[in-house]
Amino acid sequence: MAPSTRSRNVATFLKGEASTSDSFGGALSTPLKSEESPFGKLKVSELKTQLRELNLPVSGVKSDLISRLEDHQSTLSDEAQADREPVKSKYFTSPVKLPEDVADVKTPTKSTESTVTARGTGKKSPPKSSSKSPRKRPKIEPGSLDPPPNWERIYTLVTELRSDRTAPVDSDGAEALPQKHLGEKIYRFQVLVALMLSSQTKDAVVGETMRALQHHGLTAQNIHNTDSEKLNSLIGKVGFHNNKTKYIKQAAEIILNQYNEDIPPTAEEMMTLPGVGPKMAYIVEQIAFDRCTGIGVDTHMHRIFNDLKWVKSKNPEGTREELEGWLPKEKWGEVNVLWVGFGQEIQQQKEKVLRKAIACSAPEEALRLMKQLKLDVLKEGKRFGLEDEIKNALDAK
């Protein structure tokens, strides 16, 4: 390729105007703008003010601050399940409350929305209501939607990039941490606890906390016998550890009294446990029982699949329904760990993921995919001495 042509291509890519390769069928078009989030219109100083009020970290660029507030909203929605029907517990003076039915958990209503307000947007979270709001749109049935163009090519490329299984989720996720040698019931309980700890917490911290619990004795009976203060000190490094202490204690009591020391056998029953929402339940079901009745979607997957234009949804639950509407069911069990790990590498292991992209079977497509997911490949490549290799990959046809 002539030098002038090469320069024009790189300049166009830098401006974000490069057209996607034909093989992607337009799936990697303009990414979802951060302004579509209610927090996107706020200044960095305003975002940091809200984070400080919530006792959340204020480090990072604007997109990190927005993600942190969105994750907090999602966590509040999951935890809002505990605000309904009482279940007696000898450990707590105030009763635990569970959802009235599974549909109430699956489809967030106005009564379960976060109370965090995006200042400057003029939008206020609605007050809680004791009555359930009707579903605003019909349920999307699995297999009822047309898949996005050439999604299989992108999915296969990510599978190749993730084939080394070296993302944080691969070593410190709920599938890797539980102790299988202690028996199936204990293994399944530990899978559940790992997922309950994971909300608003990095996998490395979950791994450290799980190992501390395992040293203490991570069985339903031992957690039931452990006082709340001791348990809280053991999990003190995870986000929202006070709530998680309460939920784990309550879940252990329910498991002992109602399920013969085993976890509930279905995702729907798991959603009746305090602090367990659809994302956790579907992932636990897949890992613990090798059965998949739904896709576990967190806020990171929600952003990735909207950026790829694979879904058009406002929250993780909407993303889950839309994905289930077209993604082949045989991929439901793997999609979470595959894409969560890919997202972790893009955010936390930039040099490694760039080197993998350069060395893969389709480096130009892999780099454009990463740019679509908001990784500045040229800027980061320069940091790691990969600028020339990245430019060559982008210009190669």
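Predicted model: local features only at pLDDT ≥ 70, side-chain atom pairs only at ≥ 80, totals over all residues.
Residues are numbered from 1 along each chain as its sequence is written, and side-chain values use heavy atoms, with hydrogens and water left out.

Let us begin with the chain as a whole. It holds 20 helices and 2 strands; these are DSSP runs numbered from the N terminus, with helices being H or I of at least four residues and strands E of at least two. Of the 397 residues, 50% are buried, where buried means under 20% relative accessible area, exposed means over 50%, and partly exposed is in between (1.4 Å probe, protein chains only). The accessible surface comes to about 19,200 Å², and carbon and sulfur atoms account for 49% of that; such areas come from the Shrake-Rupley method with a 1.4 Å probe, and for residues only the protein chains shown count as cover. Among contacts (heavy atoms within 4.5 Å) with a separation of 6 or more, 66% join residues 24 or more positions apart.

Next, the interior. A nonpolar core is a set of buried Ala, Val, Leu, Ile, Met, Phe, Trp, Tyr and Cys residues joined through side-chain atoms within 4.5 Å. The largest one has 46 residues, and Phe305, Trp310, Trp339, Phe342, Met370 and Ile390 touch the most other members. Elements giving two or more residues to this core include H5, H14, H15 and H16, along with H17 (350-359) and H18 (363-372). The largest share, 8 residues, comes from H16. Another core, of 42 residues, lies apart from it and has Val193, Ile255, Ala267 and Leu273 among its members.

Two packed helices are described by the angle between their axes and the distance between the axes. The axes here are lines fitted to C-alpha atoms, for helices over the stretch in contact, and angles run from 0 to 180 degrees between N-to-C directions. H14 (residues 299-307) and H16 (residues 332-348) pack at about 80 degrees, with axes 10 Å apart. The two are therefore roughly perpendicular, a label for angles of 65 to 115 degrees. Met301, Ile304 and Phe305 of H14 meet Val335, Asn336, Trp339, Val340 and Gly343 of H16. These residues divide into 6 nonpolar, 2 polar and no charged; Ala, Val, Leu, Ile, Met, Phe, Trp, Tyr, Cys and Pro count as nonpolar, Asp, Glu, Lys and Arg as charged, and the others, Gly among them, as polar.

H16 also meets H17, with axes that come within 6 Å and cross at roughly 115 degrees, which makes this pair roughly perpendicular. Phe342 and Glu345 of H16 are among the residues in the contact, as are Lys350 and Val353 of H17. The contact residues divide into 3 nonpolar, 2 polar and 4 charged. Within H17, Val353, Leu354, Lys356, Ala357 and Ile358 are buried, and their cover includes H5, H16, H18, H19 and H20.

Finally, some single residues. Asn150, in the loop between H4 (102-106) and H5 (151-161), has a positive phi near 55 degrees and is partly exposed at 39% relative accessibility. Phe289 belongs to H13 (residues 278-289), and its C-alpha atom is separated by 7.7 Å from that of Pro265, 24 residues apart along the chain.

Note on methods. Parallel < 35°, antiparallel > 145°, perpendicular 65-115°, else oblique.
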